[in-house]
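Colleague: I would like to go through this model feature by feature. Please give the general idea each time, then the case at hand.

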Amino acid sequence: MTANTDAAEQLALTLIGYGLQRMTARVLAMLLFVEQETVTAGELAELLEASPGSISTALKSLSAVGLVEKVPAPGSRREHFRFPDEGWATLMSTQNAVVRQMQDAAETAIQTVGRKSLAGRRLTDMQDFYAYVMREMPAVIDRWRANRKRR
């Protein structure tokens, strides 16, 4: 194993520790560490010594949240993938849909238990938290982009 591969595996372990599926974490880490613009699913399978099916599943999962994108590769019949520019900002933007769903779930639950009950107060805190995150996240991403341009 190379130093980059070892470091990628360490990052993958960290991501797994925070709930990412094992192969999804390994694919994401490899996309971050690979020293080429794009890779094919076959190359990922070879690098990670994994089955094509597990790579495909991981790529679909990462694509759904904006952490991998397909890119054209003239002259190649295989699909090429890469970690997208601003992938982390895209992830947070994509997650806003999840945050909105959490807000909606809290509202539905509050309607069931009543806002003044103990459960209702807890659920109101949940709803308020997610509403705050939804209001603040676009500004956070904008500030990050501005800071990134200055570097």
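Modeller: What follows goes through the sheet, the helices, the backbone angles and some single residues. Keep in mind that this is a predicted model.

Colleague: Start with the sheet. In what order do the three strands lie, and is the pairing parallel or antiparallel?

Modeller: In general, strands of a sheet pair through backbone hydrogen bonds, and the pairing can be parallel or antiparallel. Here the sheet is open, its three strands have the order β1-β3-β2, and the pairing is antiparallel. β1 (39-40) and β2 (69-71) are the edge strands, and each has a single partner strand, so one side of each has no neighbour in the sheet.

Colleague: How many bridges join β2 to β3?

Modeller: Three bridges link β2 to β3 (residues 80-82), and the two strands run antiparallel.

Colleague: Is H80 buried or exposed?

Modeller: The cut-off for buried is under 20% relative accessible area. H80 has 12% relative accessibility, so it counts as buried. Apart from residues up to four places away in sequence, H80 touches T38, V39, T40, E69, K70, V71 and A73.

Colleague: What comes after α3?

Modeller: E49 follows α3, and its phi is positive, near 50 degrees. As background, most residues other than glycine have a negative phi. E49 is not a glycine, yet it has a positive phi of about 50 degrees. It sits in the loop between α3 and α4. With 75% relative accessibility, E49 counts as exposed.

Colleague: What is the phi of E86, and where is this residue?

Modeller: E86 has a positive phi of about 60 degrees and is not a glycine. Its place is the loop between β3 and α5. E86 is partly exposed, at a relative accessible area of 25%.

Colleague: Next, helix packing. At what angle do α2 and α4 pack?

Modeller: The angle between two axes is read as a class, and 65 to 115 degrees counts as roughly perpendicular. α2 (residues 22-33) and α4 (residues 52-64) pack at about 75 degrees, and their axes are 9 Å apart. The two helices are therefore roughly perpendicular to each other. On the α2 side the contacts involve M23, T24, V27 and L28, which meet S54, I55, A58, L59, S61 and L62 in α4.

Colleague: How do the axes of α5 and α6 cross?

Modeller: For this class the cut-off is over 145 degrees, which counts as roughly antiparallel. The axes of α5 (residues 87-113) and α6 come within 8 Å and cross at roughly 160 degrees. α5 and α6 are therefore roughly antiparallel to each other. Their crossing is left-handed.

Colleague: Which residues does T124 touch?

Modeller: T124 lies in α6 (residues 118-150). It counts as buried, at 15% relative accessibility. Leaving out residues up to four places away in sequence, T124 touches I110 and R115.

Colleague: And which residues are in contact with L32?

Modeller: L32 belongs to α2 and counts as partly exposed, at 34% relative accessibility. Its neighbours within four places in sequence aside, L32 is in contact with L11, F83 and W88. L32 and P84 are 52 residues apart in sequence, while their C-alpha atoms are 9.7 Å apart.

Colleague: Last, is A8 buried or exposed?

Modeller: A8, in α1 (residues 3-17), is buried, with a relative accessible area of 2%. Beyond its neighbours within four places in sequence, A8 is in contact with A29, M30 and F33. The C-alpha atoms of A8 and V27 are separated by 9.2 Å, and the two residues are 19 residues apart along the chain.

How values were computed:
Residues numbered from 1 in each chain as written. Predicted model: local features only at pLDDT ≥ 70, side-chain atom pairs only at ≥ 80, totals over all residues. Heavy atoms only, no water. Helix = DSSP H or I, 4+ residues; strand = E, 2+ residues; numbered from the N terminus. Buried < 20%, exposed > 50% of the residue type's maximum accessible area, 1.4 Å probe, protein only. Contact = heavy atoms within 4.5 Å. Pairing = 2+ DSSP bridges. Axes fitted to C-alpha atoms, helices over the stretch in contact; angles between N-to-C directions. Parallel < 35°, antiparallel > 145°, perpendicular 65-115°, else oblique. Left-handed = near helix turned anticlockwise from the far one by under 90°.
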